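Reader: Hi! Could you walk me through this model before I set anything up?

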Amino acid sequence: MITNKNFGEIPQSYLFSEVAERVRRFEQQHPDARVLRLGIGDVTRPLAPAIVEALHSAVDEQAAAASFQGYGPETGYGFLREAIAAGEYAAIGVDVSPDEVFVGDGSKSDSANIQELFADSARVAVTDPVYPVYVDSNAMAGRLGTFDGDRWSNLSYIPCDDSNDYRPALPEEPVELIYLCSPNNPTGTTMSREDLEAWVAYARKTGAVILFDVAYRAFITGDDVPRSIYEIEGADEVAIEFGSFSKTAGFTGLRCSWTVVPKKLQRDGVSLHTMWLRRQSTKFNGTPYIVQRAAEATYSPAGREQVRADVEYYLANARLIRETLENAGVKAVGGEHSPYVWFRCPAGMDSWEFFDALLEQAQIVGTPGVGFGPTGAGHFRLSAFNTAEATQEAAGRLAELLPKLAS
Ligand code: PLP
């Protein structure tokens, strides 16, 4: 056998193809229906003017021999590593040095690739429901055992739902790699300083490594919710952090992200920073120069203001979705520091029953929670990434539909 047998264990990514298929069928049968898409995890606002200006000027640089850039450093250009260290970390009182910042082409790739630094036998824990990339990347590496249609045999699931206020409990069994995400996809909930302190203390005691995903950190409002795990003392000896320009500044198409691997983070006497550097310089040839210049522009005074305005736009949509649900008696989480709103399906429906009811009776598309893991069953995710107009129309339709479903 010459193929990777681990792929055979992985279920097809059924969720988004099934959603697309059901919507396609519905639209074919109801050609006049105005279907509103509140399932999307992609941004819809165009790039901010400061970003577009930086792109244009970087393209002009590429057109002249004197300023042309070919292969860049695999770790990212110094100007962007410095801008990230200053704009994301020094700005919140956290000391991350520019050479601990690795510029990448998306947190999807970095959060999927990071597991290569760890032993095949490393025991993995994820919060449940979860961003599926953490699970599938470890499954491809053969770390998760067998899949029974619901769960992997060698994966520790940490359930998060209203019974524990969406606060992941420290694992009882020993685990070595822990994926945490705050603000969370799909639930939109955040981890408090106290929660993070407990996780950092746990990792310091057990030697586990925390893989902390802050792809949605730009949506955090106020000062109570930590924006980085390195706000917690001692986290630089136990945690790797993934950040992204995708949701912050509309880079889902441009592609730019960063990963912090602190120099102090060592296991088995080996520096994980050195390992990641080795891994990236072997397998990655850098994010395009023009894209890194565009990312840098998000930290200019004008850039900051413009990307903030886009985040506020989505947050207003998120608040409206959550308020609409709650006014109809559906308890929801998220939407405050996140573009996602998450809730238990009304009237005891399962995720797909509610999906069909929403599509057929209100022509709204959402995301069935069961696609994010076993604890997502019976839950649903709505996203704020559509336009304000579409979100307002969807809110009106939801306000009409929900009381009907409950009666
Ligand atoms: N992490 C989480 C939790 C996400 O939801 C996403 C995208 O949806 C990503 C990472 C990937 O982001 P990127 O576009 O930087 O690859």
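**Domains, sheets and ligand shell**

Author: Happy to! 34 residues of domain 1 are in contact with 44 residues of domain 2, where contact means that the C-beta atoms, placed from the backbone, lie within 7 Å. This is a predicted model, in which local features need pLDDT of at least 70, side-chain atom pairs count only at pLDDT 80 or more, and totals for chains, interfaces and linings use all residues. Residues are numbered from 1 along each chain as its sequence is written.

Reader: Which elements give two or more residues to the side of domain 1 that touches domain 2?

Author: They are helix H1 (6–9), H11, E11 and E12. Helices (H or I, at least four residues) and strands (E, at least two) are DSSP runs, numbered from the N terminus. H11 gives the largest share of that side, 8 residues.

Reader: And what is that side like by class?

Author: The side of domain 1 that touches domain 2 has 14 nonpolar, 11 polar and 9 charged residues. Here Ala, Val, Leu, Ile, Met, Phe, Trp, Tyr, Cys and Pro count as nonpolar, Asp, Glu, Lys and Arg as charged, and the others, Gly among them, as polar.

Reader: Where do the domain bounds fall?

Author: Domain 1 is 6–46 + 303–406, and domain 2 is 50–301. Those bounds come from an automatic or database domain assignment. The C-alpha centres of the two domains lie 26 Å apart.

Reader: Back to H11. Which strands does it lie across?

Author: Helix H11 (residues 301–327) lies across E11, E12 and E15, and runs at about 15° to E12. For such angles, axes are lines fitted to C-alpha atoms, for helices over the stretch in contact, and the angles run from 0 to 180 degrees between N-to-C directions.

Reader: What sheet are those strands in?

Author: An open sheet of 4 strands, in the order E11-E12-E15-E14, with antiparallel pairing. Strands E11 (332–334) and E14 (367–368) are at the edges, each pairing on one side only. Two strands pair if DSSP finds at least two bridges between them. E12 (residues 340–344) and E15 (residues 379–383) are joined by 5 bridges, and Arg344 stands opposite His379 in E15.

Reader: Nice. How many strands are in the mixed sheet?

Author: That open sheet has 7 strands, in the order E2-E8-E7-E6-E5-E3-E4. E2 (101–104) and E4 each have a single partner strand, so one side of each is left without a neighbour in the sheet. On average, neighbouring strands of this sheet are turned by 20° against each other, direction ignored. E2 pairs with strand E8 (residues 257–260) in the antiparallel sense over 4 bridges, and Val103 has Trp258 as its bridge partner in E8.

Reader: Switching to the ligand: which residues come nearest?

Author: Of the 14 residues around the ligand, Gly106, Lys108, Asn185, Ser244 and Ser246 come nearest. A residue counts as near if its C-beta atom, placed from the backbone, lies within 6 Å. The shell has 3 nonpolar, 9 polar and 2 charged residues, and helix H5 (residues 107–113) gives the largest share, 3 residues.

Reader: What about the phi of Tyr166?

Author: Tyr166 has a positive phi of about 60°, although it is not a glycine. Tyr166 is in the loop between strand E4 (155–159) and E5.

Terms used
Two residues are in contact if their C-beta atoms, placed from the backbone, lie within 7 Å.
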